[in-house]
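Subject: Structure for you to look at

Hello,

Here is the structure I said I would pass on. Please open it first, then read the notes below it.

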Amino acid sequence: MPEASRSHVETLALRVQVPAFAGATLPDDYAELLGAGLGGICLFGTNTAAGEESVRSLAAEIRAASATGGWDPVITIDEEGGDVTRLEALTGSSVLGAAALGAADDLSLTEETGRAIGTRLARAGVNLNLAPVADVNSNPDNPVIATRSFSRDAGVAAKHVAAWVRGMESTGVAACVKHFPGHGDTGQDSHVALPVLDVDLATLRDRELVPFLAAAEAGAASVMTSHIVVPALDPELPGTLSAPVLGMLRDLDFEGPIVSDALDMAGASATRGIPAAAVLSLRAGADLLLLGPEKPVSLVRETADAIVAAVESGELPLDRLQDAVARIDRLLADLADSAESSSDRLGDPDPDPGFAKRSVEGARRALAAVSDLTGIPDLTGARVVTVDTAANIAVGDVPWGISPDLVLRPGDPLPDLPDVPLVVQVRDAHRRPEVARIVADLPGVAVLVEWGWPGAYDPGVPRLCPQGYSLPGVAAVTEVLRRSGWTR
């Protein structure tokens with residue numbers, strides 16, 4: 001390969017990568033990479049903890065570094081609302097998450113929610129949001145999707161995914177619908193394992209693909225892959241690395257960039273490493289490669305070297321790499337046009353002050369849809385007990401639930417408790433026997449608040465299910481408790 005051609009391929013190998021670093025300022029070595037062609041940056045909690053103004057400043061640094069090389073960067077984030085938030089990781093999300101929106105079943109509220117998140121991201125300088133989740137949570141024991149899904153019903157999920165996408169993209173921020181071809185009917189977390197979606201093609205088309213089709217029709221700019229094996233399409237490779245799986249997405253007439261889920265996840269790279277996974281994913285049809293949080297520059301360069309070597313050996317056709325970059329460039333051009341046309345809507349700090357009230361009303365409907373609101377006993381003097389369990393990696397370490405009087409963890413001895421009613425808060429008690437045991441052993445449990453997926457579980461007392469954590473959800477639960485005498 002001639003030197004000039006190799007230099008061009010080296011640049012292309014950077015253009016398809018989106019890694020992440022720690023902290024609220026741009027490291028010098030990352031600034032150098034951005035100037036050399038790095039595709040962009042994914043923001044995580046360590047980048048956003050200092051607040052929205054700090055994120056805006058960091059995004060400006062990223063853009064300035066890319067501009068030295070004549071590039072536009074992708075600046076992306078996971079801001080789903082509800083349980084998964086980066087911008088509001090310290091306080092909890094001010095908007096409803098997917099499961100609550102699906103249960104409230106108000107498409108105008110769902111679209112407003114997408115728009116509210118998009119407006120905030122646009123002001124912060126983010127141009128690609130890794131949301132919404134289009135997975136149909138048909139497995140109630142799913143440990144990683146759960147309340148991030150709009151519904152266990154494909155039709156309900158589809159219409160809300162489309163509404164959320166329309167709202168988000170009206171602000172000039174691109175949506176990335178995930179996790180193709182559908183992570184909902186799995187019982188493992190692809191961050192730490194390789195789940196299998198063992199369904200036939202008819203089920204895949206009639207259930208998993210329905211929300212993705214709706215998203216494409218709504219104009220979704222990009223789609224994220226999943227690290228799951230779908231034997232009906234490819235019995236060996238996970239979707240992110242599988243040409244048959246990603247080819248199915250192209251067969252649905254989706255022409256935007258295909259974005260890999262983070263390649264540091266076990267489902268993609270546990271047995272082969274990130275650089276090899278990157279090459280396989282590009283060859284399979286992915287265009288933009290997320291590497292995962294807090295990655296050293298050395299890994300980015302190692303991955304670029306692997307991509308260049310694959311082109312040189314013929315393992316990765318050059319035109320496939322060029323096609324990936326062309327799709328990214330088209331997305332960036334569309335974002336520039338969309339941002340310009342929507343900029344006049346981003347100046348009003350509160351274009352719709354009634355949105356917060358409508359969100360609480362939606363939370364009330366979501367709560368009523370699956371909760372036992374009858375028979376709640378007198379809660380005068382009640383204490384709130386949280387049974388704390390680790391969240392999955394996608395959710396991360398964020399606040400959840402009403403502020404507790406006491407926190408218990410599985411394995412802790414039960415403390416002496418006053419003879420008062422207990423409001424006990426849990427997440428996913430239906431699939432966590434260690435949590436169910438604590439609930440059974442606690443004396444005086446009067447109400448159980450289930451902040452996770454409302455799976456089949458009978459605690460023997462009234463159960464309130466807000467269908468995911470959010471501040472509107474807290475308001476709705478608090479109203480119910482106070483009607484029964486809780487006064488804190």
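Two residues are in contact here when heavy atoms of theirs lie within 4.5 Å. Bear in mind that this is a predicted model.

With that cut-off, Val16 touches Leu282, Asp287, Leu288, Leu289, Ile307, Leu321, Ala324, Val325 and Ile328, leaving aside residues up to four places away in sequence.

Val16 also belongs to the largest nonpolar core, which has 128 residues. Val16 is among the residues with the most contacts inside this core, together with Leu43, Ile307, Leu379, Leu464 and Leu481. Helix 12 (residues 297-313) supplies the largest share of the core, eight residues. Another core, of 14 residues, lies apart from it and includes Val424, Val426, Ala429 and Val435. As background, nonpolar side chains in soluble globular proteins tend to be buried together.

Next, the aromatic rings. The structure holds three aromatic pairs. One of them is formed by Phe21 and Tyr30: the pair is tilted, with 5.1 Å centre to centre and 50 degrees between the planes. Phe21 counts as buried because its relative accessibility is 4%, and Tyr30 counts as buried at 2%.

Trp451 and Tyr469 form an edge-to-face pair, 5.5 Å centre to centre, with 65 degrees between the planes. Trp451 is in the loop between strand 12 (445-450) and strand 13 (463-464), while Tyr469 is in the loop between strand 13 and helix 16 (471-483), so the pair ties together parts that are 18 residues apart in sequence. Trp451 is buried, at 1% relative accessible area, and Tyr469 counts as buried at 7% relative accessibility.

Regards

Notes. Residues are numbered from 1 along each chain as its sequence is written. This is a predicted model: local features need pLDDT of at least 70, side-chain atom pairs count only at pLDDT 80 or more; totals for chains, interfaces and linings use all residues. Side-chain values use heavy atoms; hydrogens and water are left out. A nonpolar core is a set of buried Ala, Val, Leu, Ile, Met, Phe, Trp, Tyr and Cys residues joined through side-chain atoms within 4.5 Å. Buried means under 20% relative accessible area, exposed over 50%, partly exposed in between (1.4 Å probe, protein chains only). Helices (H or I, at least four residues) and strands (E, at least two) are DSSP runs, numbered from the N terminus. Rings of Phe, Tyr and Trp (its six-membered ring) pair if their centres lie within 6.5 Å; planes under 30 degrees apart count as stacked, over 60 as edge-to-face and the rest as tilted.
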